There are 2 protein chains.
Amino acid sequence: MPPRPGLSKAELEIARIVWELKNASVRQVFEALPAGRDIDFTTVQTYLRRLEEKGYLHAKLDGRNRVYSPKVRPQTVIRETVGEMVDLLFGGDTLPLMKHLVEERRFSPDDIDQLRQLLDRLEGGRNE
Amino acid sequence: MPPRPGLSKAELEIARIVWELKNASVRQVFEALPAGRDIDFTTVQTYLRRLEEKGYLHAKLDGRNRVYSPKVRPQTVIRETVGEMVDLLFGGDTLPLMKHLVEERRFSPDDIDQLRQLLDRLEGGRNE
DNA sequence: TTGACTCGACTACAAATGTACGCCTATAGT
DNA sequence: ACTATAGGCGTACATTTGTAGTCGAGTCAA
C-alpha cells in the first residue's frame, strides 16, 4: 500500500478541528473555525472530502449529513509531520529542534518544571 | 512588503544544502545531494532560481556561474517553519510539541543532560 | 576549429493545493 | 402545496510545487 499522501496546511487545520470535536459535520467544522479565518463553507467541504479520500478521516452518514471522525490517530499524523520537519530542517536530528524551541519560544516557569519532570521520568525509565 | 512566500519541501531541502556549504554553485548543490535523491540537475537549477526569486538566497555571478549564498538567515527560516508547524499541529502551544519530542523521539542520556542544562540556564536568566 | 561539455535562461507540464460556484434535493416554515 | 434554505455533490480554476527538456553561448581538449 502506498504511504498515505501528506496533509497540506489547510487540510491539517481542518483535521485538527475534527480531532478536537471527535465527530463533526461540515457545518460544525465550519463554525469551529477561528474568527477571522474566512473561507467558504464549500471550501471546508472540499477539505473534508479530500481528508476522507486520503484516508485520514472516516465519514458516516447521519441521515443525509456526513459526520466525519478521525481515522488515522492524531498521534500518528503528528509523528509524521514532526518527523518530516526534523528531517528537512535539521537533517533528522531532534536535539537541535529542542534547543531551538527552548531558546526561541517562551516558556513559563511552570512549563519548565513540567519539562524537567518529563526528562526525569525518561531517565528513570532508562535506569530501571 | 508582503511576507516572504513560504518554502516548499524540496526548496527547503536545497536551501539547507546552501546553508551548509555557505556558498555554492548549482553543480555543487547538485553533488551535495544525498545518494539516492535522484533529481535532475536542471531541477536543482529551478529550485535555486525560485529560492532566489522568493528572496531566500542571494546569487552573485562568478564569471558566468551563479554562486548562491544565504540571504535570509537559516535561523529565521527555522523560526518561521517551526512556528507554523506549532500553530498547525498544536494551536500555537509549544509545550505539547516538546512533550511529543521527548516522548516519541529517542534521546541519548547525553542529550538529556544537555537539555537539562538548557533548562537550568533558562531559569537562571529568569531569576537574575 | 571542431567537438564534447557545461551552464544559464527559458519553457513545459502534470499533480497538488487553496478556494469557490452551481445544481439538485430534502426540509422547514407558511 | 409553495417557497426559501441548507446541505451534498460535482465541477472549476488559478497558483504553487515537483520535476524536466531545449537551446544557445562559453570553454576545454585535441
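This is a predicted model: local features need pLDDT of at least 70, side-chain atom pairs count only at pLDDT 80 or more; totals for chains, interfaces and linings use all residues.

Visitor: How many helices and strands does chain A have, and in what order do they run?
Guide: Chain A has six helices and three strands, and from the N terminus the order is α-β-α-α-β-β-α-α-α.

Visitor: How do you know how the radius of gyration of chain A stands against that of a compact globule?
Guide: For 128 residues the globule rule gives a value near 14 Å, whereas chain A has 18 Å. The C-alpha trace, taken along its principal axes, spans about 55 × 40 × 30 Å. As for contacts in chain A with a separation of 6 or more, 45% of them join residues 24 or more positions apart.

Visitor: Why is Ser69(A) called buried?
Guide: Ser69(A) has a relative accessible area of 11%, and the limit for the term is under 20%, so Ser69(A) is buried. This serine lies in strand β3, residues 65–70 of chain A. Neighbours within four places in sequence left aside, Ser69(A) is in contact with Val18(A), Lys22(A), Asn23(A), Leu57(A) and His58(A).

Visitor: Is Glu13(A) buried or exposed, and what makes it so?
Guide: The relative accessibility of Glu13(A) is 18%, and because buried means under 20%, Glu13(A) counts as buried. Its place is in helix α1, residues 9–21 of chain A, and, not counting residues up to four places away in sequence, Glu13(A) touches Leu33(A) and Arg37(A).

Visitor: How far apart are Glu13(A) and Ser69(A), in sequence and in space?
Guide: Glu13(A) and Ser69(A) are separated by 56 residues in sequence and by 14 Å in space, taken from C-alpha to C-alpha.

Visitor: Why does Lys22(A) count as exposed?
Guide: The value for Lys22(A) is 59% relative accessibility, and exposed means over 50%, so Lys22(A) counts as exposed. Lys22(A) sits in the loop between α1 and β1 (24–25) of chain A, and it has a positive phi of about 75° although it is not a glycine.

Visitor: What can be said of Lys22(B), its phi and its accessibility?
Guide: Lys22(B), which is not a glycine, has a positive phi of about 75°, and it is found in the loop between α1 (9–21) and β1 (24–25) of chain B. With exposed meaning over 50%, the 59% relative accessibility of Lys22(B) is why this lysine counts as exposed.

Visitor: How do you know that chain A and chain B are in contact, and how much area do they bury?
Guide: Contact means heavy atoms within 4.5 Å, and by that criterion 43 residues of chain A are in contact with 44 residues of chain B. Between them the two chains bury about 4700 Å², 69% of it on carbon and sulfur atoms. Leu88(A), Leu89(A) and Leu119(A) supply 13% of the area that chain A buries against chain B, more than any other three residues.

Visitor: What is the accessible surface of chain A, and how far apart are the mean positions of its positive and negative charges?
Guide: The accessible surface of chain A comes to about 7400 Å², with 47% of it belonging to carbon and sulfur atoms. Chain A has 21 positive and 21 negative charges, and their mean positions are 5 Å apart.

Note on methods:
Residues are numbered from 1 along each chain as its sequence is written. Chains are lettered from A and ligands numbered from 1 in the order in which they are written. Side-chain values use heavy atoms; hydrogens and water are left out. Helices (H or I, at least four residues) and strands (E, at least two) are DSSP runs, numbered from the N terminus. The radius of gyration is taken over C-alpha atoms; the globule rule is 2.2 Å times the number of residues to the power 0.38. Accessible areas come from the Shrake-Rupley method with a 1.4 Å probe; for residues, only the protein chains shown count as cover. Lys and Arg count as positive and Asp and Glu as negative; His and the chain ends are not counted. The place of a charge is taken as NZ of Lys, CZ of Arg, CG of Asp or CD of Glu. Buried area is the accessible area (1.4 Å probe) that two parts lose on being put together, summed over both. Buried means under 20% relative accessible area, exposed over 50%, partly exposed in between (1.4 Å probe, protein chains only).
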